[in-house]
Amino acid sequence: MDEKNFSFIRKFYGDPVVRNLIIEQSKNYNYCIGAGQVLLERGWTLPVKEVEISKIEELMNDGLDIFFPIRCRDDKYLYVIWDIEYFNKKNPQFIFDRKNQKQIFNWMSPALEIVEEILNSFGIKYVIDVTMSGIHVWSKISTESEAFRKLSSEGFILPSLEKKYSLVVAGDKKRVFPVYPELGKSYNAAGKVLEFFTHKLIKKNKKLNKYKIPVTISDAPPLDKIFSFSGISSDLTQYAHPIYMRCIRAICSVHQKSLINGHFNLGPAIDIVKTKGITYSDVMDIMWDVDKAIKHFRKNFSKKRLEIPESSEGWLKAVNTYIKSDLRKKHKQWEKTAVPSGRPAFDSPDIKKLFDNVSANPALLIPNNLQIIAEYFAKHGGVTAVKKVFSVIAEYYNNNNLRWYDPARFTGIDWNKYDAETAADFWGRVYWSLNVSKLGR
């Protein structure tokens, strides 16, 4: 890394207020993760370094982005994080320009305001961490609360994942403790409530966003006339996977996607907590300027801790509203639908191509393709056909001959740690529900 960019990172992490904010956050977790350009320069094929929490300062000293697991220490809380970001499938590099970035947040601002309106309507307390391309909304629920118990009663775990949740794996920091059933179920149900919120966001954004930038689930291109291959992603992907496998960028971490993508002149950014009175345009100015970023955190957090607000009461209202919703009825219909025997008919050459062994990896991992499959089989056979074809996708995920994971390079997806049946079931449910709710493409 050139001296200018490393000096930027060193200065930011060297500030005592910033450093303390990250260390204080780290006390909620058993391990942490660093990622960044420095690891690539050291020859790491996957630039991700996982260490015990006592070594978090080593990650900062190395100039790495900091990530924490979704699952917190002692399981005192369930963290619920809503990840919303801009995506551009035709030109992924579009974001790496400061003028473009300001334009993107201008497009997104009406939708981001709706996100806050939805959360506020249930009395949910939250923190917004602004990233280079969107926001992470953080909130938490006490595992001793009625909200947690209600979420757990709404949760659904497949036997394959239930078995993995029961295991302790030697040498794996992610799996030192089993995931008890209530935690796994409440995590699953939190994803359903965020899906419910996303449906609300899609509807309101269509009416109120004057820029007409659409909201989709997990960066599936909207294919409309104006924003054909770009839009706002309500990224629910984490809920397709076990809670122990997912992590999230630490609040006020350095953000090096620009450097990883080769935009060295642009430099790194810094994730900024959106505080009262500042706009997204203000945040864009702060995140690229290390002195402004340090000033921001000193002004707002020198005399108080950066706390994720416990909001069990708000989430109880949200889950109770979800329980009365049409989406919940669809979720229950999905879960109660038996998978028929036999193989689905691939009458469409475009669909059949996705299941060819040559293209299945990565074709069957791409949200756009998964939505196309769900839409096609919803039209040609309904929920039973969709449930069947996504069970077939799970079989493909479990086929080691398709080389989903490269253990030599630590790249791809290791289905021994993730859960194929859960992932496929998630994508089928999400895109089938979107389609039958008439919110799809």
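Trainee: On what basis are residues numbered and values computed here?

Mentor: Residues are numbered from 1 along each chain as its sequence is written, and side-chain values use heavy atoms, with hydrogens and water left out. As this is a predicted model, totals for chains, interfaces and linings use all residues, side-chain atom pairs count only at pLDDT 80 or more, and local features need pLDDT of at least 70.

Trainee: How many of the 13 residues of α16 are buried?

Mentor: Buried denotes under 20% relative accessible area, exposed over 50%, and partly exposed in between, with a 1.4 Å probe and protein chains only. The buried residues include Leu370, Ile373, Tyr376 and Phe377. Helix α16 is therefore largely enclosed by the rest of the structure, the buried count being 11 of the 13 residues.

Trainee: Which helices are included in what covers the buried residues of α16?

Mentor: Covering is judged by contact, meaning heavy atoms within 4.5 Å. The elements that cover the buried residues of α16 include α14 (349-354), α15 (360-363), α17 (382-397) and α18 (420-436).

Trainee: Which exposed residues lie on the face of α12 turned away from its buried side?

Mentor: The buried residues of α12 are Ser312, Gly314, Trp315, Ala318, Val319 and Tyr322. They cover an arc of only 155° around the axis, so they lie on the same side of α12; the arc is that of the directions from the helix axis to the C-beta atoms. The face turned away from that side carries the exposed residues Glu313 and Lys317.

Trainee: How many residues apart are arginine 328 and glutamate 154?

Mentor: A salt bridge requires a side-chain nitrogen of Lys or Arg within 4 Å of a carboxyl oxygen of Asp or Glu, and these two side chains meet in one at 2.7 Å, N to O. The pair links distant parts of the chain, arginine 328 being in helix α13 and glutamate 154 in helix α6, with a separation of 174 residues.

Trainee: Are aspartate 419 and lysine 164 buried or exposed?

Mentor: Their side chains form a salt bridge of 3.4 Å, N to O. Aspartate 419 belongs to the loop between β14 (411-412) and α18, whereas lysine 164 belongs to helix α7 (residues 159-165). Both aspartate 419 and lysine 164 are buried.

Methods:
Helix = DSSP H or I, 4+ residues; strand = E, 2+ residues; numbered from the N terminus.
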